[in-house]
Amino acid sequence: MSCSRRDFVSGASALAVVASSGFATSSISLATESEKKTIRYAMVHDEKACIGCTACMDACRETNKVPEGVSRLEILRSQPYGEFPNVQYEFFRQSCQHCSNAPCVQVCPTGASFVDKETGIVDVNPDLCVGCQYCIAVCPYRVRFIHPEKKSADKCNFCRDTNLAVGKEPACVEICPTKALTFGDLNDPNSAVSIKIRENETYRTKVPLGTEPNLYHIPFKAGEKK
């Protein structure tokens, strides 16, 4: 079923029908995709190694043509720990979690938000997005935004259509000078990301919500876990 922007905004009754049927369809397709996929991409952010240089943010913006004023990725700096000159900061990566049980996908009335069945990446089809912002409202991580030029929802997609499409790692991983980011297939027990998680204490955010996020953090010891 196709749903253009004009179709979507043509009437409230149409919206109700599309929204209700889309929710059920998305839930069913998500379960099916989960059964078929063999790759589940994940990322680890080592907060002990991160120095907050924000090179990852710049690389993401340049590679994915992200306009000024919005961002797919942010590095948040904590308050200082310790006293001068022995001051430390904690750096926290805020970006899409690529949830295995993604609420943004479940509420999308047009199917624009979807889980790539081949990689597990949560992505957005801008041609189907009607800008209703349901996905933005429901995302507990607050990492989605409306692209000011495309007028559609946007966020990190692990460089799925840029770097990954040409066999490279995500731009943020490539540029990181301290190797604080590790990316790979979590379904492969021998992948770098699987080994990183297995050999380190890690945490994920808002796990009790049941979203099953695929962004892991190696905690910075001086601070508290998010």
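Trainee: Which residues of β9 lie on one side and which on the other, and are they buried or exposed?

Mentor: This is a predicted model, in which local features need pLDDT of at least 70, side-chain atom pairs count only at pLDDT 80 or more, and totals for chains, interfaces and linings use all residues. Residues are numbered from 1 along each chain as its sequence is written, and side-chain values use heavy atoms, with hydrogens and water left out. Buried means under 20% relative accessible area, exposed over 50%, and partly exposed in between (1.4 Å probe, protein chains only). In β9 both faces are covered, with Leu215 and His217 buried on one side and Tyr216 and Ile218 buried on the other.

Trainee: What does β9 pair with, and in which sense?

Mentor: Strands (E, at least two residues) and helices (H or I, at least four) are DSSP runs numbered from the N terminus, and two strands pair if DSSP finds at least two bridges between them. Here β9 and β1, which spans residues 41-46, pair in the parallel sense over four bridges, and histidine 217 of β9 is the bridge partner of histidine 45.

Trainee: Which residues of α7 are buried, and what do they pack against?

Mentor: An α-helix has 3.6 residues a turn, so residues three or four places apart point the same way. In α7 the buried residues are Val193, Ser194 and Ile197. Seen down the helix axis, they fall within an arc of 100° (taken from the directions from the axis to the C-beta atoms), so they line one face of α7. They pack against β1, β8 (181-185) and β9.

Trainee: Where does threonine 211 lie, and what does its side chain make a polar contact with?

Mentor: Threonine 211 lies in the loop between α7 (192-199) and β9 (215-218), and it counts as buried because its relative accessibility is 4%. A polar contact is a pair of N or O atoms within 3.5 Å; within protein, one must be able to donate a hydrogen and the other to accept it, and residues adjacent in sequence count only if both atoms are side-chain atoms. The side chain of threonine 211 makes one with the side chain of tyrosine 141, at 2.9 Å. Contact means heavy atoms within 4.5 Å, and leaving aside residues up to four places away in sequence, threonine 211 touches several residues, including Cys99, Asn101 and Lys206.

Trainee: What is the mean pLDDT of the protein?

Mentor: The pLDDT is the predictor's confidence in each residue, from 0 to 100; its mean is 87, and 81% of the residues reach 70 or more. Over residues 1-29, however, the pLDDT is below 50.
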